[in-house]
Amino acid sequence: MTGPADRAVEVLRRRGDGRWTVGSGYLAGGRLVLTAAHNVRSEGGIDDVILVRCLDGSELSAVVLAAGLPPGVRPSVPSIPAGAGPAASPSPAVELTAAASTALPGAISTVLAGAGSVVPPPPPAELTAAAATAPPGVLAPSTAPLPAPVAAAAPPVAELLVPAPAPVLPADLAVLEIAEADAAGLSDVPALRFARVDRAQTAVIARCWAIGYPRWKEQPSAGTGAVPLRDSVQIEGVIAPGSNRRRGLLELRTTSTPRPLPSGALGESQWQGMSGAVVFSDDPELGPLAVGLLIEHHLPEGASTLTLTPLSDLTALVEGTDWGWRLGLDTWTVLPRASRPPTPPATGHLALRRPLSDFTDRERLAAQAQTLLTDRLAQTTPVVVLYGMPGVGKTALANHIAHRLAPTFSHARILVDLGGSGTSEVTPDGAMIQALQGFGLFGNDLPRETRQRRYVLHRLLRAGPSLLVLDNVVRASQIQPLLPESPGSAVILTSRSALTSVEGADRLPVAPLADPDGLRLLERITGAERVSRERDAARTIVSLLGGLPLAIRIAATSAASPAGQHRPLSFHAAQLADEQALVSHLDGEDKSVRSSFEISYRGLRPDTARLFRHLGLLAASDFAPALAARACDVTPDHAERMLGELADRQLVEVSGSAGDRYRLHDLLRHYARERAESDESPADRRSAFRRSLRWYADCLETWMSLPDAHERPPAEAVAWFADEFLNVNASMRAAFADEQWDLLLRIAGSLYGLLFYRGHWEEMESIKGMAVEAARREHDEPAELGSLIHLAEARRILGRSQDTPPLYDRAQEIAQSLGDDTKRAWILTHFGDLQCDLDHPQDALPHYAEADALYRGLHDEGGQIWVAAHIADAHRQLAQPAEAARVLEEALLLAQRRDDAPNIAWCQWHLALAYDELGRYADAERTITGAIAFHRAAADEGGLTTMLTALGEILLHAGRDALAREALTEALTLARTMNAPRRESAIQSILSRLPS
């Protein structure tokens with residue numbers, strides 16, 4: 001489904017009343033579909049069911065990602081979800097279009113698809129379609145004749161003539177996404193190339209076409225669904241830039257017109273159903289360029305004039321979304337394109353590498369580069385820099401682009417290797433000699449002096465449109481003498497650096513392939529049938545190689561070799577899964593990932609090379625500059641300078657929303673570790689790793705050693721942990737494997753409050769399990785005691801209470817041996833909680849009572865208040881809420897007497913739960929409100945989420961649904977902010993109990 005004609009689709013909409021309408025649309029890349037907003041919404045709302053019907057008749061479910069407002073719809077409901085700009089009142093002209101299309105003689109225009117004729121749900125016994133009366137102003141196809149239009153009173157003439165301002169209305173554009181489960185086979189659909197129209201020009205834009213599904217091509221007997229199939233129609237024509245400028249719309253003058261409708265069909269258009277079809281202009285060099293989208297038929301202008309909304313309006317529609325980048329809107333060709341001087345006779349100087357038949361999926365990047373190289377060719381000498389990490393495919397992409405631009409650069413297309421991927425760097429003079437050889441000058445034909453060679457080279461470049469591909473540039477000084485001096489020629493530079501000192505250049509980063517694209521490259525080399533049989537193993541290979549084309553090509557070639565083709569892909573995946581030998585498995589006959597990396601590595605200064613090696617010793621690929629500085633034992637400023645050098649050579653990439661973090665590609669991380677193991681002593685490697693662990697321990701202890709930090713983690717700690725969560729987990733696993741017991745215990749001891757706050761119970765179980773083992777190895781009983789209690793708590797929360805008794809027994813044994821009554825009371829309380837988990841609250845009460853006695857003996861009133869809530873919870877579980885309330889009221893008085901704000905909130909929370917069970921909803925709401933105020937003032941998002949959830953349930957029980965929804969919605973937002981999926985799921989479950 002990658003051909004232009006294959007991508008035109010029908011957009012089926014089932015309205016709220018069960019009736020169907022039909023429009024057109026176009027697959028815009030991947031699972032995205034472009035169509036008209038009025039095809040998917042009316043009266044400001046979105047219909048429940050949207051289907052996309054492809055050329056083969058398959059119907060795929062879809063959702064609306066964004067939609068502007070259709071003509072005539074007042075924006076009382078905002079455009080959804082965002083990006084279409086603020087809603088504004090429609091202009092009188094647009095409103096008249098909608099209101100008059102079936103009522104007024106000489107109606108201004110007719111919406112092409114909308115809901116003018118709809119298909120009701122089929123009767124139970126058979127699938128048929130019937131017409132229904134159309135709402136005024138919106139027309140769509142049907143399978144039966146339309147009823148006669150109902151005349152409406154015409155507005156006074158004066159009303160039609162009064163001028164009024166025409167505010168900008170969000171464009172009649174919509175973006176749909178096909179459901180992932182239905183999207184098989186759509187991953188190969190590349191993004192479109194877009195063009196915008198220069199409205200100041202008058203030259204018509206020729207070679208325009210669109211494919212849609214009009215009503216008159218309907219086949220009533222075809223199809224198995226409620227909506228009969230239609231056949232497609234291709235229309236052709238031109239776009240006149242000067243038309244419809246005030247409305248901000250475009251005009252397509254088509255050369256193909258269907259038969260006219262009967263004379264009595266007032267307000268109807270023979271183009272019904274074409275609305276939503278994308279209009280393209282075929283460019284001889286760039287291929288089809290998407291320009292506009294059909295939305296209206298302006299009836300007074302005749303059957304051959306259709307109205308388009310410019311696709312340049314998509315930019316505003318998708319602004320601020322997290323998916324808009326998938327449309328590829330970052331490069332626009334301007335139409336009509338500037339005229340160029342006549343092309344001189346071609347001499348055909350060609351010195352490129354052969355085009356690769358399996359070159360894969362750089363369509364969007366290639367289109368960007370082609371546009372940049374050709375749009376300004378008559379006035380400038382365009383230079384495009386393709387830069388990226390070693391092995392990412394810069395040379396192959398540049399070579400591919402050069403072959404595709406043969407019609408434009410008919411005089412010469414020459415590739416010059418500057419040696420940035422070889423053992424020696426080519427001088428500027430050596431590069432000029434290569435370029436002259438590309439023009440056919442060898443031996444005695446080559447000028448002897450450098451000045452003469454430069455003169456001849458530039459004379460040859462001026463002789464006709466030429467494209468130089470200067471490959472593997474190390475520094476700008478290498479290529480300055482080769483850059484064309486006169487318009488008409490262009491240059492592609494490939495480099496591991498962005499070459500920021502090359503003035504006037506456009507720079508395009510080349511990233512590793514996304515997994516679907518990498519999978520296609522693997523498939524094209526090893527064979528589609530083989531990949532289809534072992535798709536999971538193929539995905540594993542691509543994932544292990546991080547989408548690096550060079551690595552995928554080497555691995556695929558090995559799998560396709562005589563020795564490898566008889567082994568399953570799972571065998572090759574297992575080989576690559578061996579981290580110690582991963583880079584070694586990627587050495588081909590004439591290509592090697594290691595040698596590609598080594599070229600960049602050898603060019604590093606010694607201190608930067610040392611930092612690179614130490615980065616390979618970190619447990620995770622994503623890191624903060626401060627961690628790199630600590631691991632390498634250098635100052636932060638020194639580390640930043642060296643990271644800048646690594647980034648410039650594409651050995652690390654800048655990451656993080658603020659560009660304040662760095663990341664190593666997985667293969668580079670393995671290579672860095674390999675270099676460390678080769679060039680660093682075991683003692684140096686161990687010291688660097690321990691320094692990285694110490695950085696995590698120091699950061700955590702700075703925050704979590706503050707008073708009450710584990711109950712209410714500081715905001716800075718929460719923000720830091722959000723960035724470092726995965727890295728901390730990886731570091732803990734690495735520390736455990738390397739038996740770094742002391743530092744593992746330091747980190748684990750500071751993590752409890754953050755893991756509890758974010759509800760990461762699986763991670764709590766894993767980390768505290770490692771901490772128990774580390775404490776035993778270190779003979780650290782206090783650390784073992786704390787880790788045992790936290791491990792037991794995690795297992796209880798995870799529903800594995802049956803695994804916790806041995807942990808409590810061992811904890812009690814340690815507490816008694818240490819003579820620590822506070823810890824004994826703590827353990828007894830948690831053991832009582834276990835009995836409640838096992839639905840034995842009557843067995844919990846003796847443990848709570850023993851804990852309470854210990855706290856009283858220690859004169860620990862805070863401990864008494866804490867255990868009182870547990871006692872009350874057991875009474876509630878025993879259906880004794882009155883006794884629970886009594887216990888908590890006494891504890892609350894004690895907390896208030898102590899002026900102990902945290903424990904006051906603690907008691908208020910539990911007391912509100914008891915009041916709720918007693919049906920004292922007003923008392924429950926009043927009590928929980930105090931706890932909410934405390935957590936809100938403390939900026940404790942975790943505690944506030946819990947309190948708001950409790951309030952929501954109280955209000956739900958009280959029958960105050962609107963307020964309950966308000967409280968639960970705020971709690972849900974907080975849970976999502978904290979990335980706490982277990983809490984989020986629990987809140988959503990409560991919300992589902994509210995009436996819709």
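## A walk through the predicted model

Buried residues make up 53% of the 996 residues in this protein, and the model you have open is a predicted one. Start with everything shown as a cartoon: there are 32 helices and 28 strands to find your way around. Of the contacts with a sequence separation of 6 or more, 69% are between residues 24 or more positions apart.

**First stop: the largest nonpolar core**

In soluble globular proteins, nonpolar side chains tend to be buried together. Select Phe612, Leu615 and Phe623: these have the most contacts inside the largest nonpolar core, which has 116 residues. Now colour helix H20, residues 741–758, which supplies the largest share of this core with 11 residues. A second, separate core of 70 residues is worth a colour of its own; Ala811, Val867, Ala914 and Leu994 are among its members.

Return to Phe612 and show its surroundings. Setting aside neighbours within four places in sequence, Phe612 is in contact with Tyr601, Leu604, Leu646 and Leu651, and also with Leu664, Leu668, Tyr671 and Ala672.

**Second stop: the cavities**

Rolling a probe the size of a water molecule over the atoms shows where empty space is left. Colouring the lining of the largest cavity by class will show you 6 nonpolar, 5 polar and 3 charged residues.

**Last stop: Thr945**

Select helix H30, residues 941–957, and pick out Thr945 within it. Is Thr945 buried or exposed? Its relative accessible area is 1%, so Thr945 counts as buried, the cut-off being under 20%. To see what surrounds Thr945, show the side chains of Ala971, Leu974, Ala975, Met978, Arg983 and Ile987; Thr945 touches each of these, not counting residues up to four places away in sequence.

Definitions and conventions
Residues numbered from 1 in each chain as written. Predicted model: local features only at pLDDT ≥ 70, side-chain atom pairs only at ≥ 80, totals over all residues. Heavy atoms only, no water. Helix = DSSP H or I, 4+ residues; strand = E, 2+ residues; numbered from the N terminus. Buried < 20%, exposed > 50% of the residue type's maximum accessible area, 1.4 Å probe, protein only. Contact = heavy atoms within 4.5 Å. Nonpolar A, V, L, I, M, F, W, Y, C, P; charged D, E, K, R; others polar. Core = buried A, V, L, I, M, F, W, Y, C linked by side-chain atoms within 4.5 Å.
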